[in-house]
Amino acid sequence: MGRVFYAPGVVGEFFAGVGLLGRGIGMYTRNPRLVILGIIPALISGLLFIAAFVTLIYFVSDLAELFTWFADDWSEGLRDAVQFLAAIGILGLGGLIGVLTFTAVTLLIGDPFYEKISEKIEARFGGVPGEVEVPWWRSLRRSLWDSIRLIALSLLIGIPLFFLGLLPLVGQTVIPVIGALIGGWFLALELVGVAFFRRGLRLPDRRRVLAGHRPLALGFGVSVFCCFLIPLGAVLIMPAAVAGGTLLARKVLGLPIDAPAPSTPSAPSGSNSQI
């Protein structure tokens, strides 16, 4: 019976995480100043990654032949089928790595831009109690190191997923779902980084806190991951994802993410006014 009542809670938390991205998109798009502020670094990074992926597509057939050397002596039809699956796997791995590294690289390029977006989101909901002032160069260095660690870990997981993706049927159904969950987790870790840095918290703190709210973090991260797979989606969604990541950080740290209701003047004594 416990499991029956627990599952809806997990599902509800997951979709609450998806909702945080929706709120981030809404808050970002309603502020033209934030739109201009956020699109510049995402556009620069997007152009770099599009060029890299186009290059991968151009050489994918050569790479597929290289990775399927064992099939050189097989019949032409079977060899072509194996190479086709390898090409799909290579492009899939390239897409996964691109989604994960895009976030890290874009956050580095646009560190001051996204810091300002996150700061404005925090100010709307009461600011940051006990904010830690960190020089920009130290924040950039710390962000760079944490991003390198996240990228290295995602590569360690992404490479085995690449080889599993070559398996017939499973590689085209189960593995993409696992990839989205893993990619979403890493994106959530990355996108709360700005808000956590502001509080003097590092990558191990992010992992520990988000692990206590895993369905919520996965809902947010997987929704960002899926948006990033859409052509130009990463460029358009990245600033809103930073806004949503700030909301996620406040949520898991026990801080309010609802604007305080405006105070209503009290009616004069003896007034018979009606609402």
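I am working on a predicted model, where local features need pLDDT of at least 70 and side-chain atom pairs count only at pLDDT 80 or more, while totals for chains, interfaces and linings use all residues. Residues are numbered from 1 along each chain as its sequence is written, and side-chain values use heavy atoms, with hydrogens and water left out.

Entry 1, overview. I looked up the elements and found ten helices and zero strands in the protein chain. Helices here are DSSP runs of H or I with at least four residues, strands are runs of E with at least two, and numbering starts at the N terminus. I noted that 41% of the 275 residues count as buried, buried being under 20% relative accessible area, exposed over 50% and partly exposed in between, with a 1.4 Å probe on protein chains only. I call it a contact when heavy atoms lie within 4.5 Å. Among contacts between residues at least 6 apart in sequence, 81% join residues at least 24 apart.

I took helix α9 (residues 214-229) against α10 and got an angle of about 175 degrees, with the axes 10 Å apart. That makes α9 roughly antiparallel to α10; the cut-offs are under 35 degrees for roughly parallel, over 145 for roughly antiparallel, 65 to 115 for roughly perpendicular, and oblique for the rest. On the α9 side I listed L216, A217, F220, V224, C227 and F228; α10 brings residues including G233, I237, M238, G244, L248 and K251. By class, this contact has twelve nonpolar, three polar and one charged residues. My classes: Ala, Val, Leu, Ile, Met, Phe, Trp, Tyr, Cys and Pro are nonpolar, Asp, Glu, Lys and Arg charged, and the others, Gly among them, polar.

Leaving out residues up to four places away in sequence, K251 touches L216 and I257.

Helix α4 (residues 111-124) packs on α10 at about 45 degrees, axes 9 Å apart. That makes α4 oblique to α10. I checked what α4 puts into the contact and found Y114, I117, S118, I121 and E122. I then turned to helix α2 (residues 32-67), whose axis comes within 9 Å of that of α4 and crosses at roughly 145 degrees. Here F113, Y114, K116, I117 and K120 of α4 meet residues of α2, among them R33, L34, L37 and P41.

A nonpolar core is a set of buried Ala, Val, Leu, Ile, Met, Phe, Trp, Tyr and Cys residues joined through side-chain atoms within 4.5 Å. Which members of the largest one, with 49 residues, touch the most other members? I got L210, F220, V224, F228, M238 and L248. Helix α10 (residues 233-252) gives the most to this core, with twelve residues. A second, separate core of five residues includes V60, A64, A86 and I90.

Conventions:
Axes fitted to C-alpha atoms, helices over the stretch in contact; angles between N-to-C directions.
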